[in-house]
Amino acid sequence: MASRFKLVFAISFLLLLLDFCRGSIVGVCYGRNADDLPIPDKVAQLVQLHKIKYVRIYDSNIQVLKAFANTGVELMIGVPNSDLLAFSQFQSNADSWLKNSILPYYPAIKITYITVGLEVTESPDNASALVVPAMQNVLTALKKVGLHRRIKVSSTHSLGVLSRSFPPSAGAFNSSHAYFLKPMLEFLAENQSPFMIDLYPYYAYRDSPNNVSLDYALFESSSEVIDPNTGLLYTNMFDAQIDSIYFALMALNFRTIRIMVTETGWPSKGSPKEKAATPDNAQIYNANLIRHVINDSGTPAKPGEKLDVYIFSLFNENRKPGLESERNWGLFYPDQTSVYNLDFTGKGSVGMTNSSSGTNSNGTTWCIASSKASEDNLQNAIDWACGPGNVDCSAIQPSQPCFEPDNLVSHASYAFNSYYQQNGATDVACSFGGNGVKVDKDPSKSYYFMRGLITIDCITHVYPFLGVNLSLNKCTF
């Protein structure tokens with residue numbers, strides 16, 4: 001037992017040092033309020049395929065935790081509002097939860113944050129008074145096993161926790177929440193935990209289009225909004241909302257607490273009155289957001305400040321109540337196909353979902369495996385394409401026409417291009433987590449073929465638009 005404790009402590013300390021060296025990160029929220037989602041194992045594969053390294057879940061579901069074990073994906077897990085009473089009343093409840101639900105899978109699962117309560121000021125039962133005692137008990141449980149420095153404890157809030165957010169310098173917390181906010185902020189400052197906020201510029205625009213321009217909400221504004229008190233210039237709503245939190249914290253003399261955005265995003269579909277909820281706007285907002293964060297831009301009040309952000313959400317969730325938009329925040333449909341193109345590295349350009357500049361299935365581009373991809377990445381990508389990606393990979397099975405040459409690059413190129421052509425030949429359809437390469441020269445004449453990596457018929461038989469009529473039994477090199 002003592003050796004296990006020392007191992008956990010050593011790993012935790014090393015990871016803590018590495019955490020100080022990294023810049024801002026972008027993660028994704030994995031909500032499961034739906035009845036048509038893929039199993040957690042498939043979700044973990046999808047996340048890895050798209051090189052998403054940070055995921056927020058809203059509970060500690062064992063199947064989800066197991067699915068992300070040994071993936072390298074860092075998890076933010078949650079204690080739901082329904083458990084706040086039990087966690088706040090008895091330390092033993094928090095101890096048992098940690099022992100039974102977390103420790104058996106740690107450090108195979110990389111947990112970095114525990115959120116205790118979800119936007120409690122918005123919940124009908126108003127469990128605000130339970131949050132800080134529950135947070136304290138969870139922290140105490142972590143201290144008992146030496147994980148309190150590696151796993152930070154906090155709670156998430158909506159922007160409704162403020163009574164005033166404009167101009168940003170006038171940001172102030174709602175006085176009606178003071179009874180629990182003050183001890184919470186003291187807890188966060190003492191334990192170097194972030195203040196977690198869920199921000200949605202979409203709602204600001206939807207509810208007040210006469211006062212907020214769409215371009216300002218989408219990071220596309222060419223004009224600036226001036227804070228009259230500070231003279232700071234704002235070109236987007238996101239920064240203004242973040243700074244209103246900073247100023248609210250400074251007004252209470254909490255200047256060292258950093259902010260983390262635990263939810264933000266844009267819906268791709270809405271009711272007739274929600275005209276801004278479109279795939280194009282969702283793509284623009286999230287792509288601009290990712291670039292803004294990855295570049296460590298900070299905000300006008302905190303230039304260059306590290307800011308971690310989680311995009312809501314991984315999937316559309318068909319059981320969420322409310323307007324149509326509430327069920328359409330996902331980056332992916334339940335069948336794991338993309339709602340719109342999105343580059344999580346922040347280095348790609350924004351390609352409109354309906355743009356004519358993208359190559360469609362009548363174009364002459366191909367998707368092949370990158371020569372720089374590792375074997376593990378190629379195998380994971382093949383497994384996904386031939387599974388959730390719905391590619392018919394029977395031709396590259398043993399004894400089948402396209403099995404030879406028997407190497408991962410050849411098989412991956414077959415699977416990648418099949419998926420690419422079946423899904424509109426868009427950039428995202430050739431992503432495969434950075435392991436796919438889109439080419440505009442016939443692969444049958446490429447360096448790959450001269451090396452004997454890919455057979456001509458096996459790469460071209462999936463291209464009916466080339467006018468090639470090849471039978472699979474000719475699949476030879």
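Is C29 buried or exposed? In this predicted model, C29 has a relative accessibility of 0% and therefore counts as buried, since the cut-off for that class is under 20%.

From there the account can turn to the paired cysteines. With a disulfide taken as two cysteine sulfur atoms within 2.5 Å, the count comes to 2 disulfides.

One of them joins C367 and C430, whose sulfur atoms are 2.1 Å apart. The torsion about their S-S bond is about 90°, and the disulfide is therefore right-handed. Because C367 belongs to strand 13, which covers residues 366–369, while C430 sits in the loop between helix 13 (408–422) and strand 14 (436–439), the pair ties together parts that are 63 residues apart in sequence. Both C367 and C430 are buried.

A disulfide is also formed by C386 and C393, with the sulfur atoms 1.9 Å apart. Here the torsion about the S-S bond of C386 and C393 is about -80°, so this disulfide is left-handed. As for accessibility, C386 reaches 29% and so counts as partly exposed, a class that lies between the 20% and 50% limits, whereas C393, at 7%, counts as buried.

Read together, the pairs give a right-handed disulfide between C367 and C430, with both cysteines buried, and a left-handed disulfide between C386 and C393, in which C386 is partly exposed and C393 is buried.

Methods
Residues numbered from 1 in each chain as written. Predicted model: local features only at pLDDT ≥ 70, side-chain atom pairs only at ≥ 80, totals over all residues. Heavy atoms only, no water. Helix = DSSP H or I, 4+ residues; strand = E, 2+ residues; numbered from the N terminus. Buried < 20%, exposed > 50% of the residue type's maximum accessible area, 1.4 Å probe, protein only.
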